[in-house]
Structure formats: structure tokens, C-alpha cells
Amino acid sequence: MAPTITPRTSPAETQVGIAIPSNEVEPKGDHVVLDLGRVETIKPSGRTGVTIDDYFAGPCDPTRHSKLPWFLRLHGSILPKMIIPLCCIGGWSTAITCISKYVHDLSVDSVLLIVLGFVVGLSLSFGSATAYERYAEGRKYWAQMIFHSRNLGRSIWVHVEERKGEQGKEDVINKLSAVNLIIAYAQAVKHKLRHEPEYDYADLKPYIDHLDTYAKDAHNGDVPARMHNDVAKKRFDTWAKYLGVPFFQTNPKQALKPYAKAEKHHGNLPLEILNYISSYTYAMIENETLSASVIQYQAYSCMTGMLESFGGCERVLQTPLPIAYNIAISQITWLYVMVLPFQLFPRLGWITIPGTIVAAYIILGIAAIGREIENPFGLDVNDLDMDGYVSQLAHDLIIMTSRPPINPVEMFARAKNMPLYPYSIDGCSYWKEMPLEEIQNAARGRVERQHVSINMKNADQQRVET
């Protein structure tokens with residue numbers, strides 16, 4: 001498979017994988033220049049909104065804005081999965097109403113509405129609360145992982161010293177490579193949670209192709225990752241999945257069975273990547289380029305936090321709501337909806353049909369939402385936007401490493417630095433000429449000028465102090 005990269009132009013844009021054919025990579029001296037104008041852009045499904053299939057795929061991009069009011073929005077709604085159940089309920093309520101009207105009265109006392117309604121409400125409340133708790137925990141663990149990853153990247157880039165001469169260039173390259181492994185770790189966690197065992201994904205392979213991993217060793221003879229994760233199956237199967245037909249709901253672990261039969265072991269790729277990061281940190285401590293003990297402790301604490309976040313995500317993924325609860329909630333809600341026409345007909349007559357459909361949409365819809373967000377790491381519309389999280393992390397780390405570590409002495413000596421603003425707009429060079437007592441008095445004077453009103457001139461659009 002040709003080498004691949006995944007540029008990310010901004011956090012709000014969709015992550016794009018770019019396949020690089022060998023004839024598009026041009027050698028320039030001792031390095032390789034990529035002509036980005038001549039490569040093919042591969043857009044993952046569910047992120048562009050161009051086709052109907054993409055519109056119903058996920059996860060939903062939270063940065064996309066819709067001008068429609070909430071009750072008219074379809075993207076992210078549970079309505080597509082409710083079409084077939086509502087049609088069934090509509091046919092059932094129509095049959096009960098017609099039989100009660102023209103053949104035999106099948107109505108029952110409405111006291112069942114009160115008794116069963118309490119049980120249904122209790123079961124829906126339990127299912128929804130449990131599902132959202134798992135969803136919130138998944139988001140919390142990803143937030144922790146991003147936090148520790150940023151902190152580790154900052155510790156490596158800023159606090160690992162760069163030696164003189166050729167060793168300094170090697171140190172810079174090693175630091176960039178270590179920061180890339182932090183991005184690779186987050187990408188590997190994302191694919192691991194989605195039951196995607198390969199290593200040659202467009203957003204992962206460029207970061208780890210030089211590493212020795214079990215996934216790379218097992219890759220020989222495997223289908224490419226793009227074929228393994230191809231969601232463009234038969235259109236009927238795709239639409240049946242979107243419409244919530246249970247017979248076409250595939251198990252995400254299904255793709256792992258061929259590897260198990262072939263006795264291929266893909267290892268634990270995130271853990272292997274973290275081992276390389278830990279080895280790099282230890283090597284920097286040994287050669288004394290990472291000498292501050294507090295930074296050493298911080299770096300290892302960040303790696304522990306990254307591993308703990310990954311373990312928390314695995315706990316959420318591998319501990320679903322017990323099957324007995326899911327079966328009971330499903331049976332209780334369906335039983336309640338199926339009994340509704342018998343209780344509504346004496347009072348509503350023909351209105352029983354639309355009344356039952358509306359009630360079914362509310363009750364079954366809440367239950368369906370709980371089932372959808374119970375596993376927050378998948379590719380449903382309402383699942384966590386893990387692609388966006390990882391892309392934002394990569395964006396932040398790339399921005400951080402785009403400049404050399406800051407020299408604070410040089411930075412504070414710049415002419416635009418106003419150390420005693422808003423008391424004074426004089427620069428650092430002016431205050432260096434002042435006696436210490438004068439500087440301390442000015443620092444006390446800042447207390448009275450904490451609140452500065454900033455207005456915008458209409459003429460020249462310049463901000464001025466008032």
C-alpha cells in the first residue's frame with residue numbers, strides 16, 4: 001500500500017486522508033517533497049453531507065451549524081430509525097380500531113394506562129440515565145487523554161534540552177518524532193475502540209510505519225485498512241441499517257473473526273506506542289537532556305494518565321448494560337405501545353390511530369436514543385466525535401512544535417512588552433532604567449487601573465484606551 005498522510009487544515013474541518021502514489025513524491029536533494037496539488041483526496045463518509053448516505057452517517061460534526069429549529073432537524077434525529085417501528089404500530093392500531101369499530105369491541109379499561117405508564121417511565125428513565133452516563137464517561141476519558149497528551153507534548157518540546165552542533169539537530173528531530181507518537185497514540189486508541197485492528201489507516205500509518213509492532217507484523221496478507229473499514233456496502237443493507245432493521249445490525253467485532261481464525265495477533269497498538277514514548281523519555285533522562293526531576297515526574301504522570309484514560313474507555317466499551325435489562329426495557333416499552341389502542345379506542349375512536357403513533361414515537365424514541373449512545377465510540381450520528389478530538393490534538397501539537405522553545409529573556413525584552421500595563425504603556429526598556437522603588441510603586445498603582453475600557457473607533461478601526 002502506498003504511503004499516506006492526513007493533513008488537517010483547521011479543527012472545524014473534516015479530517016482528510018491523502019493517498020500518495022509513488023509518482024507524486026518528488027525527490028529534492030536528500031529529502032522528499034510532496035506535491036499536494038497532485039494527490040488524491042479521500043474523504044471519509046459521514047463527514048461531508050453531500051449524499052444521503054453521508055447525511056445519516058456519523059459521528060455528527062458539532063462544528064456544523066444548521067439554521068433549522070431543533071424540532072425540524074433530521075441530521076442527528078432518531079426519526080429515521082423509527083420509520084419502520086412506527087409503520088408497524090400504525091398498522092397494528094389501525095387493525096385494532098377497525099375490528100373494534102366493525103366486528104367486536106376490543107377496548108379495555110384505561111386503568112392500565114396508569115399502572116403500566118409508571119413501569120414504562122421507570123424503565124425508560126433507568127435506560128436513558130445509564131446510557132448517558134456511559135456517554136459522559138467516554139467524553140470525560142477523552143478529555144483527560146487530550147489534556148495529558150498536550151501536557152506531555154509540551155514537556156517534551158520545551159523541557160528536553162537541545163545540545164550543540166549535530167547532536168542538537170538530532171535532538172530536534174527526536175523531539176518531533178516523539179510528539180508525533182503522541183498523536184499516533186490517540187489515533188490508535190480511536191481505532192482500537194472502533195474494533196479496527198490494522199495499522200495502515202491513512203491517519204495512523206505515517207506516524208508509526210517505522211515502528212516494530214504486532215499489528216505491522218500481522219499485516220502481511222491482510223486486506224488494506226480502507227477495504228476493512230469500507231462502509232459503502234450494498235445500498236439495501238446500508239439503508240436497512242439507517243432505518244433500524246435489527247436483522248441488518250452488524251456486530252462491530254464481526255470484522256475481527258477472520259483474524260482470529262487465521263491465528264493472527266495484532267497486539268495492543270496503543271500500549272506498544274506508549275512503550276516507545278516511555279523509552280524515549282527514559283533515554284532523555286539518561287543522557288541528561290531531561291534533567292529537571294519535576295519535569296521527569298510530570299512526563300511519567302502524563303503517560304500514566306494517558307494509559308488510565310485508555311483503560312477507562314475500554315471499561316465503558318466492554319461493560320455494556322446487562323442483556324437482561326435491554327431485553328426487559330424493550331419488551332416493556334413494546335408491550336405498553338401494543339396495548340395502547342385497546343385503551344384509547346373507547347374515548348378517541350378513529351383518533352386512536354394517530355394517538356398511538358405519537359405515543360409510540362415518544363416512548364420507543366427515548367428507548368432508541370439510549371441504545372444508540374450506550375456505545376459512544378462507534379460511527380453512529382450521535383456518537384462521540386473522536387476524529388475531531390484527535391484532529392484538534394494533532395493541530396495543537398503541530399502548532400506547538402512549529403516554533404523553537406521560547407527564550408523568556410529575549411521575549412520579555414521586546415519593545416511591545418508593557419510589563420506595567422494598564423498603569424503605564426511604557427516598554428520593558430524604559431522600566432529597566434527606573435529604580436526598583438519606582439517599579440514597585442507603579443505595580444501598586446495598577447490596582448486602581450485594573451478595569452480598562454476598550455472602544456473601537458469607527459474611522460480607522462483602531463482600539464484605543466479611554
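Select α2 (79-102) and α13 (352-373), each of which supplies at least two residues of a nonpolar surface patch; helices here are DSSP runs (H or I, at least four residues) numbered from the N terminus. The patch covers about 610 Å² and is made by L74, L79, I83, I84, V358, Y361, I362 and I366. Patch residues have over 30% relative accessible area and no salt bridge, with nonpolar side chains (Val, Leu, Ile, Met, Phe, Trp, Tyr) joined within 5 Å. Areas follow the Shrake-Rupley method with a 1.4 Å probe, and a salt bridge places a side-chain nitrogen of Lys or Arg within 4 Å of a carboxyl oxygen of Asp or Glu. Four residues, the largest share, come from α13, while L74 lies in the loop between α1 (52-56) and α2.

The model is predicted: local features need pLDDT of at least 70, side-chain atom pairs count only at pLDDT 80 or more, and totals for chains, interfaces and linings use all residues. Residues are numbered from 1 along each chain, and side-chain values use heavy atoms, without hydrogens and water.

Next, select α4 (residues 166-193) and α14 (residues 386-400), whose axes, fitted to C-alpha atoms over the stretch in contact, come within 10 Å and cross at roughly 180° on a scale from 0 to 180 degrees between N-to-C directions. The two helices α4 and α14 are therefore roughly antiparallel (angles over 145 degrees). Contact, meaning heavy atoms within 4.5 Å, involves V179, I182, I183, A186, Q187, K190 and L193 of α4 and M386, D387, V390, L393, A394 and L397 of α14.

Finally, select α10 (residues 269-286) and α11 (residues 293-318), which pack at about 175° with axes 11 Å apart.

Definitions and conventions
Patches are made of residues with over 30% relative accessible area and no salt bridge: like charges are joined within 9 Å, nonpolar side chains (Val, Leu, Ile, Met, Phe, Trp, Tyr) within 5 Å. Angles under 35 degrees count as roughly parallel, over 145 as roughly antiparallel, 65 to 115 as roughly perpendicular and the rest as oblique.
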